[in-house]
Amino acid sequence: DIIPVYARVRPKAANAPLSLALATVGDEGGAIPQATITANGKMLGGSVFVSATLAEMPRQKFYGEDANLKATYVSEDVIVQLGDHSQAISPLTLTGEKGLGASADVSTGNWNIKATAQRARYIFPVQERLAFSVGYATSSTSTASVNLMHRNGYYQGSIMSLRTLSSPFGPTSKLDLECGMDNAEALRDPSCSMQFSNSSRRLSYRLGAQRGSTSFPGAIAGATQFSEYLSFRLSRSIRLDNNLNVTKRSLGGGFERSNLFAKVGVTWSTRVLGGSLYVSAHGVHTQNAYTTLASSSDRTDNTLRSSLGYHLRRMGLTVSVEQGTSRSSSEGTSGGLSRIKSNYRYSPTQSWSINGSWEMSSGNLSAMALKQTQHQIGLGSTLALAKGWTASATAFRSTVEATIRQQYASLRGSITRTFKTGRTLSARIQMNHSAGRQEIRASDYRLAFTTPLASPFNRAQSEANILRGRLIDQDTGAPITGIMMFSATTSL
């Protein structure tokens with residue numbers, strides 16, 4: 001939350017804002033306690049951010065407690081993270097997985113050093129990751145780095161890589177090359193990654209390729225991937241685009257997998273009666289094949305997707321239609337699939353918004369599904385009342401007919417009061433009903449209270465560092481929550 005700082009709640013030292021939220025969440029299975037605290041301020045020439053969330057999730061004991069503890073220090077040349085965080089080293093080593101541990105990112109002159117040690121908390125089996133990187137900026141537009149990573153757990157092993165980053169065709173282009181060794185036979189079975197992108201006023205495109213050795217300590221072991229995206233604007237109203245993704249993987253023992261996704265289409269847009277009108281049409285081809293020693297399966301889909309949308313400031317409507325065919329040569333089956341869906345929004349006033357959705361589909365809706373027919377409808381509304389009150393309600397219903405008829409319905413309502421002091425009080429209730437193989441009725445509720453306090457991090461006596469007010473939706477006028485604002489390296 002953005003917590004405004006007022007003189008009546010902050011001490012004379014003008015301390016940084018701290019938010020303490022205590023919530024009680026419960027259902028028919030019992031209460032679930034939660035507590036959240038966040039703080040930020042200046043320290044040692046940089047900014048310090050601290051956040052902690054403690055919660056116990058009885059329904060997910062398999063994954064442990066849903067706790068999140070994090071402390072971050074940010075200055076011009078140093079970033080230090082402790083607790084639950086993510087760290088990115090390179091595409092072949094660590095790409096941003098979240099874990100519990102510590103990491104540092106230090107820059108001095110043309111050099112950059114990154115190090116991290118973390119352990120996944122919620123993934124079974126547990127993953128332990130240790131990574132280190134040394135980078136050097138050879139020019140203002142290119143860098144080179146040596147990266148090392150070691151994993152323990154389901155993926156186990158070490159890899160060392162050399163990576164280069166450059167802008168060969170100006171500031172809008174980017175070329176990322178990396179190759180690594182993870183065993184003594186690396187020269188005959190290397191792991192490499194390439195990503196290239198470039199954009200101009202009318203043309204933008206991305207190319208990517210990645211190969212993992214059979215002993216690579218990660219999910220791309222034995223895989224070869226290629227991706228491509230291109231967007232070309234013929235005129236102010238017409239844009240062409242296409243997308244291609246190809247993946248092939250072989251781990252030995254007779255296991256092979258291949259996936260192909262290709263899409264090409266055109267979009268036309270213009271201004272009509274003060275609103276934005278667009279029409280698009282895309283053809284999609286997907287092909288998936290799996291082979292093991294015991295069996296094999298495949299599926300090919302060809303789909304035509306078309307969309308029509310018209311949007312004004314206070315209202316909008318989007319309708320999309322899909323028609324296609326599905327075929328499996330291994331099973332000797334074929335069939336059709338169709339889907340039509342619409343989304344609409346309407347704001348009668350700046351403080352009242354209404355939105356809804358409707359969908360009907362039939363056929364083999366996914367590669368693993370039987371033939372089925374599905375209907376969905378949803379409706380929601382948000383109303384900003386006087387004196388800081390906001391109320392919202394949503395309703396959803398879905399019906400699926402295959403070998404049996406399955407129905408699901410959900411109703412949720414919430415109300416929130418925001419006080420001038422920055423405190424908030426909210427309540428939410430939800431009721432669910434499922435009928436089909438068995439009938440299930442359930443409900444749960446949530447009560448929460450948030451109040452701003454003062455943190456021990458002293459800040460200068462400057463009114464320029466104080467933010468007052470609320471964020472609201474420009475179209476509906478409804479308050480927006482859950483937003484974190486940043487100015488340079490300072491969290492607001």
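**Hairpins, aromatic rings and a nonpolar core**

A hairpin connects strand E5 to strand E6 through six residues. The structure is a predicted model, in which local features need pLDDT of at least 70 and side-chain atom pairs count only at pLDDT 80 or more, whereas totals for chains, interfaces and linings use all residues. Residues are numbered from 1 along each chain as its sequence is written, and side-chain values use heavy atoms, with hydrogens and water left out.

The chain as a whole has 28 strands and zero helices. Of the 492 residues in the chain, 30% are buried. Buried here means under 20% relative accessible area, exposed means over 50%, and partly exposed covers the values in between, for a 1.4 Å probe and with protein chains only. The accessible surface of the chain is about 28,600 Å², and carbon and sulfur atoms account for 59% of this area. The areas come from the Shrake-Rupley method with a 1.4 Å probe, and for residues only the protein chains shown count as cover. Among contacts (heavy atoms within 4.5 Å) between residues at least 6 apart in sequence, 42% join residues at least 24 apart.

Two strands are taken to pair if DSSP finds at least two bridges between them. Leucine 82 stands opposite alanine 102 of E6. E6 is in turn joined to strand E7 (residues 111–119) by nine bridges, again running antiparallel. Threonine 108 has tryptophan 111 of E7 as its bridge partner. Two residues lie between the strands of this hairpin, where glycine 109 takes a positive phi near 65 degrees.

The hairpin between E17 and E18 passes through four residues, and serine 280 has serine 307 of E18 as its bridge partner. E18 also runs antiparallel to strand E19 (residues 315–328), with twelve bridges joining them. Here the hairpin has three residues, and histidine 311 stands opposite glycine 316 of E19.

Side chains supply other links. Rings of Phe, Tyr and Trp (its six-membered ring) pair if their centres lie within 6.5 Å; planes under 30 degrees apart count as stacked, over 60 as edge-to-face and the rest as tilted. By this rule there are five aromatic pairs. The ring centres of phenylalanine 169 and phenylalanine 196 are 6.0 Å apart and their planes stand at 80 degrees, so this pair is edge-to-face. Phenylalanine 169 lies in the loop between strand E10 (157–166) and strand E11 (174–181), while phenylalanine 196 lies in strand E12 (residues 191–199), so the pair ties together parts 27 residues apart in sequence. Phenylalanine 169 is exposed, at 58% relative accessibility, whereas phenylalanine 196 is buried, at 11% relative accessible area. Together with Tyr205, Phe169 and Phe196 form one aromatic cluster.

A nonpolar core is a set of buried Ala, Val, Leu, Ile, Met, Phe, Trp, Tyr and Cys residues joined through side-chain atoms within 4.5 Å. The largest has nine residues: Ile89, Leu92, Leu94, Ala131, Met149, Ile159, Phe216, Ile220 and Ala221. Leaving aside residues up to four places away in sequence, isoleucine 89 touches Leu94, Lys114, Ala131, Ser133, Asn147 and Arg163.
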